[in-house]
Amino acid sequence: MCQISRREWLKLASMMTVAGAAPLLASAAARAAAEPDAPLRIGYLPITDATPLLVAHNNGYFEQAGIKAEKPTLLRSWAQLIEAFLSGQVNVVHLLSPMTVWARYGSQAQAKVVAWNHVNGSAITVANDINKIGDLGGKTFAVPFWYSIHNVVLQGLLAANGLTPVLQKSGAPAANEVNLIVMAPSDMPPALAAKQIAGYIVAEPFNAAAENLKVGKILRFTGDVWKNHACCVVTMHERDLTSRPEWSQKVVDAIVKAQAWTREHPADAARLLSKEGQNRYTPHPFQVLQRVLAPDASEQGRYLADKAIVHADWHEKRIDFQPYPYPSYTEALVRHMQKTQVEGNAQFLAKLDPSFVARDLVDDRFVKKSIAAAGGMKAFGLPDGFTRQEVIVV
């Protein structure tokens, strides 16, 4: 089975401890001292979560702001991305929102969330003979990472349907259990086609890829469970925010500008991100990315009929872009993470106070100014103000 390698998971789990992160953080400090005015170096995975970072680079928004930016570095795994960030090889990344909690409080990394990258943009994809969450009992199901909104949402759905998640069980799961494994997103559609797994929950475009290949179907969009949830967030080094505030502001300005542009030009964004685009940022064909970023309106009826969308009144997009990191989301995320099973040492989670994390993990000084420059929250289809109530209906 094409699981993420055990060695890679153990390496990442080690990096995200205080002792394991120390050499990488020391390397980052030395690098920063030697190059205090380092150019913008983006690290990303080839998923739609990276869209604003890549659009900002493609459209020249960093250069227009007077920032020297290198071509973004494509990395192939969360372990590679975290290692590159902690060691200072890259200074702006998109990270799974639960992963930022792990990084700051598990490894004591001076990482700060400065904005959201996108909202929604993930789904539960299953074999064609699976018609409801209850059908997953006794089967194996893949998540992209233990510290992911995907694992959090999935385990909430399983519990609501009387199913118990078990982590990487060697034997066959019982009828009321679902065996969860971690799998690289690119491996998920082939594993589903080969019937090695009953389904997976992951960021786009791997759900759209399964639809295009006709090897699976969308069982539920995650944005239909947790309304307008964040998935990946823009993460920067606290050192840069403190020592280079003007530079940091310009970086966030460009990313927010890219989000507004993407909302207005979704098909163009799909094309520039695709393997047919000039920069070949991702290996995905335009057709698959278009299905995510600029879906045909006719698909809405099918998803409603299949109950992939239950809350039509939420008017959720398959993926949308808005940058403000609502404190209510971070607080709710921490509370749900404390109830979610993960592999490895997660004792640090029990000690976290959700309201403290919302204040300490997130630095929203820059994004507030960027949003104002972009035309306010209305530019992202939202009412003015920086508070909201989280809506989670499993």
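These are my notes, topic by topic.

**Ground rules**

I am working with a predicted model, where local features need pLDDT of at least 70, side-chain atom pairs count only at pLDDT 80 or more, and totals for chains, interfaces and linings use all residues. Residues are numbered from 1 along each chain as its sequence is written, and side-chain values use heavy atoms, with hydrogens and water left out.

**Overall build**

I began with secondary structure and found 18 helices and 13 strands. Here helices (H or I, at least four residues) and strands (E, at least two) are DSSP runs, numbered from the N terminus. The radius of gyration is 20 Å, close to the 21 Å that the globule rule gives for 394 residues, so the protein is as compact as a globular protein of that length. That radius is taken over C-alpha atoms, and the rule is 2.2 Å times the number of residues to the power 0.38. The C-alpha trace spans about 55 × 50 × 40 Å along its principal axes.

Next I checked burial. Buried residues make up 59% of the 394. I use buried for under 20% relative accessible area, exposed for over 50%, and partly exposed for in between (1.4 Å probe, protein chains only).

I then looked at contacts, meaning heavy atoms within 4.5 Å. Of the contacts between residues at least 6 apart in sequence, 78% join residues at least 24 apart.

**Helix α3**

Is helix α3 enclosed, or is it open? Seven of the eight residues of α3 (residues 51-58) are buried, so the helix is largely enclosed by the rest of the structure. I listed the buried ones: Thr51, Pro52, Leu53, Leu54, Val55, Ala56 and His57. Their cover includes the strands β1 (42-44), β3 (92-96) and β12 (232-237). It also includes the helices α4 (61-64), α11 (245-264) and α12 (266-273). Just after α3, Gly60 takes a positive phi of about 75 degrees.

**Charges and salt bridges**

I counted 40 positive and 35 negative side chains, and the centres of the two sets lie 2 Å apart. Lys and Arg count as positive and Asp and Glu as negative; His and the chain ends are not counted. Each charge is placed at NZ of Lys, CZ of Arg, CG of Asp or CD of Glu.

How many salt bridges does the whole structure hold? My search found 18. The criterion is a side-chain nitrogen of Lys or Arg within 4 Å of a carboxyl oxygen of Asp or Glu.

- Arg41 bridges to Glu35, with the closest N and O atoms 3.0 Å apart. Arg41 is buried at 16% relative accessibility, whereas Glu35 is partly exposed at 30%.
- Asp364 and Lys368 meet through their side chains at 3.6 Å, N to O. Lys368 is partly exposed, with a relative accessible area of 33%.
- Arg302 bridges to Glu299 at 3.4 Å between the closest N and O atoms. Both lie in helix α14 (residues 299-306), three residues apart, about one turn of the helix. Arg302 is partly exposed at 35%, and Glu299 is buried at 13%.

Bridges that share partners join Glu204, Glu211, Arg291, Glu299, Arg302 and Arg318 into one network.

**Backbone angles**

The peptide bond from Glu204 to Pro205 is cis, with omega near 15 degrees. Pro205 lies in the loop between β10 (199-203) and α9 (206-213).

I noted two residues with positive phi. Asn120 has a phi of about 60 degrees although it is not a glycine. Asn120 sits in strand β5 (residues 119-120) and is buried at 1% relative accessible area. Lys195, also not a glycine, has a positive phi of about 60 degrees. Lys195 is in the loop between α8 (188-193) and β10 and is exposed at 73%.

**Ala374**

My last entry is Ala374, in the segment after α18 (365-373). Ala374 is partly exposed at 30%. Neighbours within four places aside, Ala374 is in contact with Val256, Ala379 and Phe380. Ala374 and Ala258 are 116 residues apart in sequence and 9.9 Å apart in space, C-alpha to C-alpha.
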